[in-house]
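Take a moment with the sequence and the 3D view before reading on.

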Amino acid sequence: MALPECSLSTGDTTWIILATAFCLMMGPALAFFEAGMLRAKHSLSIITQVFAGTCMLSCLWLLVGYSFAFGTTFGGIIGGFDHVLWLNVPYDKCGPHSSNIPAALHALFQMMFATITPLIMTGSYAERLRWEAFLIFTLLWEILVYYPAVHWVWGGGFLAQWGVLDYAGGIVVHTSAGAGALAIALFLGPRADFLQYMGEAPPSNVPLAGVGTALLWMGWFGFNGGSAMHAGNLAVSAVVSTHVAACVSCVVWLVLSMWNHRPAATAMFNGILAGLAGITPASGFVSTQATIAIGLLCGLLAYYGSQISKKRFHIDDALDVHWIHGATGSLGSILLGVFGRRAGDGVNDYWLHIHSSPWQIFIQTVGVVFVGCYSFAVTWGILAAMKARMGSLAHDDDAQEAGLDWVDHGEVAYCRLNVLRDIRATHPDAVSHINGIALPSEEDYMKHSTGKHPGGGGLAIRPNAARDGYQNGL
């Protein structure tokens, strides 16, 4: 690929560094949101998955990911090996995908997208996927699904050559992760107590979920605003669209939750995320007024879709990833073809930009369908191959009842949990064992007796202080 004319800008570089930091924050924010929305006995497992995944996937991106995604194309399918270990990725020169910032900064910014995309799916298989299965699946999915999708759309691959547009990841991130989330939810099947709550078990810590939502909202400004690759009117337009879509979708969910029951904080959180995911592919291409329509439609689609998915079809996508991320990202990508500005239009030229060609709408739909089907099929294939080699990928009912925090990690998120007492009550003989791991009594756990059970370290706390901070967790 011929290099664009290079003119490094201090202002643009500063903005993309800041945007990268905002995007990095989205990983922990996702962990906090999901931990708060899940039951307490599983919340530490989801946090561990997100933090471990962020570090592993960052290393993989450094090793081969950037090269496969943005290297010299092989037939428009995948990049080559010219940037392995970030070789030929200079800090003092531009790259083929950035004419105003150092090539290394572009690689770092894209690393943030590469780390969070597979981790979006943690909300689908939460509370049941085995730890070793999570590690293997995440790495394989990143290599076989995410890197090709990035290359096809952003790295000069065949979808980009056809004219498919994706401003900040509606197809590359949300469609691919949403389709993968649906595949893994169907493959694993529902949790042991799915019908008891219809997949909507009471969240353990709604304030923590609110903190996670707020940080994701803020981080999305860097996600979309930074995708402009410079500090200017395009970045401003993207940030404004990001905020407007989140607010409109949130209002949709709030009104519908009030209509059907009462104003639920968790509904507002999901509405915000649906709007953010839906505007991502179009945020740099549409007017503020068109953003209102996109936020409204994405809010409606995600709300009713998640209701139908669980209540009618009993699909146990724990946090409705395939609707809140997948369906909205896909819809936003297609609506880009309806509302998108043409290259010569200014940011404020029109009230509504319903002037894109039918071809753009068609090619956007082709891109969405192709990437979604590819992600679903490859995800299913990865899971089938893993099951043939490893056996069941999900924990059994007893382990799910005990909680993945203790079963997988030998720790619990909160210092005292009803689950420890309840498990001993149902297994009076013993040292209760789940998957061969001894469950301590609450008294033993609070004594910080590291010799009596695994994972005892790091939880030293005075019993009285523990009781003061006690939180009941399902």
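How do the residues of the lining of the largest pocket divide into nonpolar, polar and charged?

## The largest pocket

Keep in mind that this is a predicted model. The answer for the pocket lining is twelve nonpolar, eight polar and eight charged residues. The space in this largest pocket comes to about 740 Å³. There are 28 residues lining it, and Glu200, Ala264, Thr266, Ala267 and Gln307 are the closest to its centre.

H12 gives the most, with five residues.

Now for the cavities. Searching the whole structure turns up three of them at 30 Å³ or more. H9 gives the most, with three residues. By class, the lining has nine nonpolar residues, two polar ones and no charged ones.

The second largest cavity has a volume of about 70 Å³. Around it you'll find Leu30, Phe33, Glu34, Ile120, Gly123, Asn270, Leu273, Leu319, Val321, Ile324 and His325. The elements giving two or more residues to this lining are H1, helix H11 (265–279) and helix H13 (321–339). This time the classes are seven nonpolar, three polar and one charged.

## A pair of helices

Two packed helices are described by the angle between their axes and the distance between the axes. Take helix H5 (residues 131–153) and helix H14 (residues 358–390): their axes come within 10 Å and cross at roughly 155°. That angle is over 145 degrees, so H5 counts as roughly antiparallel to H14. The crossing of H5 past H14 is right-handed.

What meets what along this contact? On the H5 side, the residues include Ile136, Phe137, Leu140, Trp141 and Trp152, while those on the H14 side include Phe370, Tyr374, Val378, Ile382 and Met390. Altogether, the contact of H5 with H14 has 18 nonpolar residues, two polar and one charged.

Note on methods
Residues are numbered from 1 along each chain as its sequence is written. This is a predicted model: local features need pLDDT of at least 70, side-chain atom pairs count only at pLDDT 80 or more; totals for chains, interfaces and linings use all residues. Side-chain values use heavy atoms; hydrogens and water are left out. On a 1 Å grid over the protein atoms alone, a cavity is a set of points where a 1.4 Å probe fits but cannot get out, and a pocket is an open set with protein on both sides within 12 Å along at least five of seven lines; lining residues have an atom within 4 Å of a point. Grid points are joined across faces, edges and corners, and a volume is the space filled by probe spheres set on the points. Helices (H or I, at least four residues) and strands (E, at least two) are DSSP runs, numbered from the N terminus. Ala, Val, Leu, Ile, Met, Phe, Trp, Tyr, Cys and Pro count as nonpolar, Asp, Glu, Lys and Arg as charged, and the others, Gly among them, as polar. Axes are lines fitted to C-alpha atoms, for helices over the stretch in contact, and angles run from 0 to 180 degrees between N-to-C directions. Angles under 35 degrees count as roughly parallel, over 145 as roughly antiparallel, 65 to 115 as roughly perpendicular and the rest as oblique. A crossing is left-handed if the near helix is turned anticlockwise from the far one by less than a right angle, and right-handed if clockwise. Contact means heavy atoms within 4.5 Å.
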